[in-house]
Amino acid sequence: MKDARNGLPVVVGALVALLCVSLAVPPALADYEQAMSYFRQKKYVEAAAEFEALLSNAPDWDYGYFMLGTCYLQLRKYRDAEQQYRKAIELNNSKFPYHLNLAQALLQLKKYDDVVVTLDRAEDLAATDREKRLLRKFRGLALARVKDYARAIEDLNAVNDGKDYAVAAELGRVCYTVGKYACAVKALEQAIALKKDDARSLKLLSQAHLESARKSTAKAQKAAEYRKAAEAARRLLALEPDSTEGHELLGAALLGADDFAGAIAEFEAVLAREPKNCTAMLNIAQAYPKLEKWDKVLEWGKKAAECDPKSYLAYNQIAFAYNKMHRWDDAEAAASKALSLKDNPSSRQQLEIARKGREAEETNRRAEAERIAYEKALEEQRRREEEERRRIEEYKIRTGQAGTSKPDAKSGGEGGGGAP
């Protein structure tokens with residue numbers, strides 16, 4: 001049985017059986033048998049009434065308080081159960097099931113610190129393997145809730161045999177929380193095998209694979225982890241087709257796996273459900289660069305920045321797009337805005353690219369201007385020389401020198417000389 005308020009298990013029937021030996025003689029055997037008969041028939045209200053009547057005549061009967069508490073536990077009257085178990089322990093603190101059932105009531109009341117204290121004190125009383133297992137199970141569940149993760153993992157690992165959903169699911173959650181992703185994956189897969197519609201564990205499983213992929217330096221392992229993250233997300237969406245988180249997880253996995261078109265489609269599905277999801281907008285802006293659609297990078301970067309004006313990543317994407325479009329001034333302004341929100345290497349790089357791009361463009365512009373001026377001067381020089389040649393030809397024509405190429409006889413020439 002499981003409490004509807006917090007999903008924690010209630011295990012009591014088997015614990016009653018632990019005390020069927022060496023009990024104090026009840027005050028009225030026939031009434032006791034009637035009370036136990038009601039209990040076995042799961043008529044807990046009637047059983048509780050019988051035990052209350054018995055206790056009115058035997059106020060020091062510890063087992064009566066234990067059984068009354070157990071009736072209340074089954075009826076989910078956890079505060080009443082806690083009271084009765086404490087009375088039983090006050091009268092006889094040597095019975096391990098008294099402490100264990102008190103721990104269960106406290107667990108349902110979310111008194112997790114008290115659960116740990118109760119079971120720590122009773123640890124030496126747990127004699128059988130079964131008792132020790134139950135102690136570690138419930139203490140491990142409580143330790144997880146008080147964020148004593150090291151002890152929680154130790155307890156839950158010790159009892160996790162892949163057959164107890166509560167243990168596997170909580171171990172998976174705790175391992176994920178502390179970044180032990182291999183441990184998380186193993187436990188969560190066990191939980192899902194036991195409960196195939198466990199959406200919560202499927203979400204964590206996808207997230208654990210995503211984190212493993214991001215931390216991996218081996219290309220093949222990274223690809224495998226992204227693929228497994230996508231598989232878990234698809235299984236989640238099969239259970240919950242309208243799950244925004246499912247589409248977010250699948251989009252992130254596809255983005256990591258370089259399926260950019262698929263990732264964009266998933267994040268657009270997120271926005272169809274949550275139009276103001278700034279992260280989805282940013283992820284789309286981060287997917288489009290690989291498709292070399294700079295106008296789309298700019299469009300979605302601006303949407304993300306408008307959605308979340310404090311997102312330095314959005315302005316960084318805008319700067320990236322402007323740099324690719326060689327709009328250096330706009331890129332510098334966007335990168336500077338990103339850096340004003342958060343000093344980060346990526347925005348500094350975009351700022352440097354913008355400045356160097358503008359510098360190179362100015363250098364190229366000057367060089368082009370100089371080339372044009374040089375070619376213009378050269379052309380002007382050729383024009384002047386041509387004009388000079390034209391004037392000389394005209395002069396020769398006017399003076400009758402045009403076409404004369406032999407030297408004057410009076411000036412001498414080859415073989416020339418005076419008269420003999």
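Student: Why is Y85 called buried?

Tutor: In this predicted model, Y85 has a relative accessibility of 0%. Buried means under 20%, so Y85 counts as buried.

Student: What makes the pair of F66 and Y85 tilted?

Tutor: The ring centres of F66 and Y85 are 5.8 Å apart, with their planes at 50°.

Student: Which residues of α5 are buried, and what covers them?

Tutor: The buried residues in α5 are Y78, A81, E82, Q84, Y85, A88 and I89. Their cover includes α4 (62-74) and α6 (96-108). As a general point, an α-helix has 3.6 residues a turn, so residues three or four places apart point the same way.

Student: Where is N92 found, and why is N92 called buried?

Tutor: N92 is found in the loop between α5 and α6. Its relative accessible area is 18%, and the limit for buried is under 20%, so N92 is buried. Apart from neighbours within four places in sequence, N92 is in contact with D62 and Y98.

Student: How many aromatic pairs does the structure hold?

Tutor: The structure holds ten aromatic pairs.

Student: What makes the pair of Y32 and W61 edge-to-face?

Tutor: The planes of the Y32 and W61 rings lie at 70°, and their centres are 5.9 Å apart. Planes over 60 degrees apart count as edge-to-face, so this is the name for the pair of Y32 and W61. Y32 lies in helix α2 (residues 29-40), while W61 lies in the loop between α3 (44-57) and α4, so the pair ties together parts 29 residues apart in sequence.

Student: Are Y32 and W61 buried or exposed?

Tutor: Y32 is buried, because its relative accessible area is 10%. W61 counts as buried as well, because its relative accessibility is 5%.

Student: Which residues form one aromatic cluster?

Tutor: The cluster is formed by Y32, F51, W61, Y63, F66, Y85 and Y98. Among these, F51, W61 and Y63 are the residues with the most contacts inside the largest nonpolar core, which has 113 residues. Leaving aside neighbours within four places in sequence, F51 is in contact with residues including Y32, M36, W61 and L68.

Student: What makes K303 a charge over the ring of W300?

Tutor: The charged end of K303 is 3.9 Å from the centre of the W300 ring. The distance limit is within 6 Å, alongside a condition on the angle to the ring normal, and K303 is found to sit over the W300 ring. The charged end of K337 sits over the ring of Y315, 5.7 Å from its centre.

Student: How many helices and strands does the protein have?

Tutor: The protein has 20 helices and zero strands. Of its 420 residues, 44% count as buried.

Technical notes. Residues numbered from 1 in each chain as written. Predicted model: local features only at pLDDT ≥ 70, side-chain atom pairs only at ≥ 80, totals over all residues. Heavy atoms only, no water. Core = buried A, V, L, I, M, F, W, Y, C linked by side-chain atoms within 4.5 Å. Buried < 20%, exposed > 50% of the residue type's maximum accessible area, 1.4 Å probe, protein only. Contact = heavy atoms within 4.5 Å. Helix = DSSP H or I, 4+ residues; strand = E, 2+ residues; numbered from the N terminus. Phe/Tyr/Trp six-rings, centres within 6.5 Å; stacked < 30°, edge-to-face > 60°. Lys NZ or Arg CZ within 6 Å of the ring centre and 35° of its normal.
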